[in-house]
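Q: I have a new structure open and would like a short walk through it. Can we start with the sheet?

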Amino acid sequence: MLDLLIKNGEYPDFEKNSLKKANIGLEEGKIVYIGEEEKPALKVIDAAGKVVSPGFIDIHMHEENFAGEGKDYVISRMMLRQGVTTCVGGNCGLTNQSLKDFKSVIEELGGAPVNYIMLSGYNSYRTSLGLGHFDPITKEQQDYIRERIKEDLEEGAWGLSFGIEYDPAITFEEIVYACGVSDDENLLAAAHYRADCIGNIDSVKEMVDIQNHISQKFQISHLSSCSAIGQMKPSLDYINEAMEKNPKLNYDTYPYNAFSTHIASTVFDDGCLEVWGKEYNDLLLTDEPYRNVRCTEEIFRECREKYPEMLVVAFVMNEEEIGMAIANKNGMVASDGIINNGNGHPRAAGTFPRVLGKYVREDKLLPLTDALRKMTLEPAKRLGLESRKGVIAVGADADLTIFNPETVIDGATFGDLETPPQGIDYVIVGGKVAVQDNAFVDERLGRFINFKEQ
Ligand SMILES: [Zn+2]
């Protein structure tokens, strides 16, 4: 007797690049049957007219800050409701707490809404040494950080990440040295670029160069916010060519024409608006006392000083270039979602349904199966998990998202993270229903996944 039978739905067959109709049977957290029979089951979901996708894998997001904001899940609930079943945190060089503490809170809370995979954040260790954004690092300090990263790898981290733009003193050599912590080619390294690509693609070139000097698979983080300011075409040409030579390289990108980060970040240092050709009014604040307020110079300066952690949304990217990065033959969809104090950019709550509703159905920039591949199989392959996740196959983990391709769309907007997406009917984690019609059924089906399980 199956635990759950999902009948009459269509699932993505990535080998044939098409949807295939089948009944799918789940038992003990695994997919155990794919075929035409209507096997007996304890529970049946009729998915006629729906797509039964592998659960989405968000390979670039920012995990909860349990240390600063309390032991509660905020962003991973938003993730789960949009169909994400596995998340990779610790990106952009930033970790909100030690990996040990993160794991123990998940344990204490009896699981997590999603499965969590973590990277070790280089910048967080750099900052912990008292180094400012522009302070060069000594050899001893680099060795100290490498030791800490090594400990994280022993704790089960899947690799390391950098936020070069956040600490511009970080050198190319420093990155390569840090990656020398391990020569395991199955590990990941990811970096938020050095500077926006304006007038040239030097930042993209630097990151491709990093890939050629390290063992890990390297990932260019949120390419849209780097290059969708006039340099997406040359950036993609360069990356596509580099990937042909070295397939360990890849990038992730999100479907919005605005980025978001902390207001005191070096990203907003003097001169940024001139470089982008934008005004203070193009910056939206996300928290009190200026929640949903557009900046003036005065408010901007006040917030940078008084509320350095406040997230600000910057409308500086070109929509056409956002679409190019998503539709490109390479690349993965990822949210870069970040929530501070319950507030932030809607990408944390709407990235995946937005790609399926806007870029696939409405704008017809790419076929549905290509989009699904970029949010399931591709990230699973990067993680070396493709036999277990990112595919509908007998023996694979039963992490599934059932959605209506005719109605799926994001609900969250700038200023409103609460409105749920539409068209996500079921999210299933480990064979059990976690979300049904936007309502949480079980928020503790996810767990921490250790690299050693790869
Ligand atoms: Zn970043």
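A: There is an open sheet of six strands, in the order S9-S10-S11-S12-S13-S17, with parallel pairing. Strands are DSSP runs (E, at least two residues; helices are H or I, at least four), numbered from the N terminus, and two strands pair if DSSP finds at least two bridges between them.

Q: Which strands stand at the edges?
A: Strand S9 (120-121) and strand S17 (332-333); each has a single partner strand, so one side of each is left without a neighbour in the sheet.

Q: What should I know about the model itself?
A: It is a predicted model: local features need pLDDT of at least 70, side-chain atom pairs count only at pLDDT 80 or more, and totals for chains, interfaces and linings use all residues. Residues are numbered from 1 along each chain as its sequence is written.

Q: How many bridges join S12 to S13?
A: Two, between S12 (residues 217-220) and S13 (residues 250-253), which run parallel. Gln-219 has Asn-250 in S13 as its bridge partner.

Q: Other topic: how is the chain divided into domains?
A: Into domain 1 (2-52 + 413-453) and domain 2 (55-273 + 309-388); the bounds come from an automatic or database domain assignment. Their C-alpha centres lie 26 Å apart.

Q: How many residues are in contact?
A: 27 residues of domain 1 are in contact with 33 of domain 2, where contact means C-beta atoms, placed from the backbone, within 7 Å.

Q: Which elements of domain 1 give two or more residues to that side?
A: Strands S2 (18-27), S21 (424-429) and S22 (432-436). The largest share, three residues, comes from S21.

Methods:
Contact = placed C-beta atoms within 7 Å.
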